[in-house]
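Subject: Structure handover

Hello,

Here is the structure I promised to pass on. Please open it alongside this message.

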Amino acid sequence: MFPVALTIAGSDNSAGAGAQADLKTMSALGVYGVTAITCVVAEVPGKVSAIQPIEPRIVAEQIRLLFDAFPIAALKTGMLYSCEIIEAVCDTLAACLEKSPQRPPIVIDPVMVATSGDALLKREAIALYRERLFPMATLITPNLDEVHTLLGRPITSLEEMRAAGRELAASYGRAFLIKGGHLRLDPAVDLLCLPDGAVQEFSAPYIQGISTHGTGCTYAAAITAGLAKGLALPGAVAEAKQYLANAVANFLRWTQKGRTTDALHHFAPRP
């Protein structure tokens, strides 16, 4: 029987990020994915042109129905966008988890800014992440721009990543995966930082010359899939890092009307 994983995320019409990327990732890793859609985003790699939030009561109803019908083995959050949606997600999850026979692991991908630089979270909603969402998490997966937002300082080196990860894990009492791709170092190193101060490194070759989006969504979804299959957190991160590196290395490319569009290959054969 397939384990079931839930993604609470936005819809990306180009299918490189958001719920579509999450579903592809979960399917590739042997997990049955289900979705609660929070926003509809009109985007292609490099450009977000419009965002339509879903009514919070509809977001909540999607989550409630899924918990009633499926044995949710793990879940993740992606783009939540507004205070109203975050409140609805937190309230509904709290009620559903209270009735669940076993609390599933929760991966929080604090989606704040698209790869294109477009804002994907209203600024006033950041405080709610800290106050309500982070305390529910098993793992929080910020990239370096999001670490900058959370700590108020830029991260420019592996040493600063390590210090930031330890500070965040200690402050919130939760595991943090600090993603180092924005440093553009080869190899690309991510740090799993635990509340007890332990830090574990995960690395993969840095691939230059491509422009994809959805790496953060895909990474968090892959970790969620691993947790749904019963892997311990370090094992889930290790599997996800390898999966993402393979999806990047085997990227897809199209040329249309003079524009080149790259995408992760979520179903690339794995070595």
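Predicted model: local features only at pLDDT ≥ 70, side-chain atom pairs only at ≥ 80, totals over all residues.

The cores first. The largest nonpolar core holds 52 residues. Within this core, the residues with the most contacts are L6, I8, I63, F67 and L93. Helix α3, residues 83-99, supplies the largest share of the core, 7 residues. As background, nonpolar side chains in soluble globular proteins tend to be buried together.

Setting aside neighbours within four places in sequence, I8 is in contact with A36, T38, I63, L75, K76, T77, G78, L80, V89 and L93.

Next, the helix pair. The axes of α3 and helix α4 (residues 126-133) come within 10 Å. They cross at roughly 10°. That angle is under 35 degrees, so α3 and α4 count as roughly parallel to each other. On the α3 side, the contact is made by C83, I86, E87, C90 and D91. On the α4 side, L128, Y129, R132 and L133 take part. By type, the residues of this contact are 6 nonpolar, 3 charged and no polar.

Then H213. This residue sits in the loop between β9 (199-204) and α7 (215-228). Its relative accessibility is 9%, under the 20% cut-off, so H213 counts as buried. One is with the side chain of D12, at 3.0 Å. The other is with the side chain of S14, at 3.3 Å.

Last, some backbone details. The peptide bond from D186 to P187 is cis, with omega near 5°. P187 belongs to the loop between β7 (175-179) and β8 (188-193).

Two residues other than glycine have positive phi. For Y81, phi is near 80°. Y81 is in the loop between β4 (72-77) and α3. With 16% relative accessibility, Y81 counts as buried. For K257, phi is near 55°. K257 is in the loop between β10 (252-256) and β11 (259-263). Is K257 buried or exposed? At 83% relative accessibility, K257 counts as exposed.

Best wishes

Notes: Residues numbered from 1 in each chain as written. Heavy atoms only, no water. Core = buried A, V, L, I, M, F, W, Y, C linked by side-chain atoms within 4.5 Å. Buried < 20%, exposed > 50% of the residue type's maximum accessible area, 1.4 Å probe, protein only. Helix = DSSP H or I, 4+ residues; strand = E, 2+ residues; numbered from the N terminus. Contact = heavy atoms within 4.5 Å. Axes fitted to C-alpha atoms, helices over the stretch in contact; angles between N-to-C directions. Parallel < 35°, antiparallel > 145°, perpendicular 65-115°, else oblique. Nonpolar A, V, L, I, M, F, W, Y, C, P; charged D, E, K, R; others polar. Polar contact = N/O pair within 3.5 Å; in protein donor to acceptor, adjacent residues only side chain to side chain.
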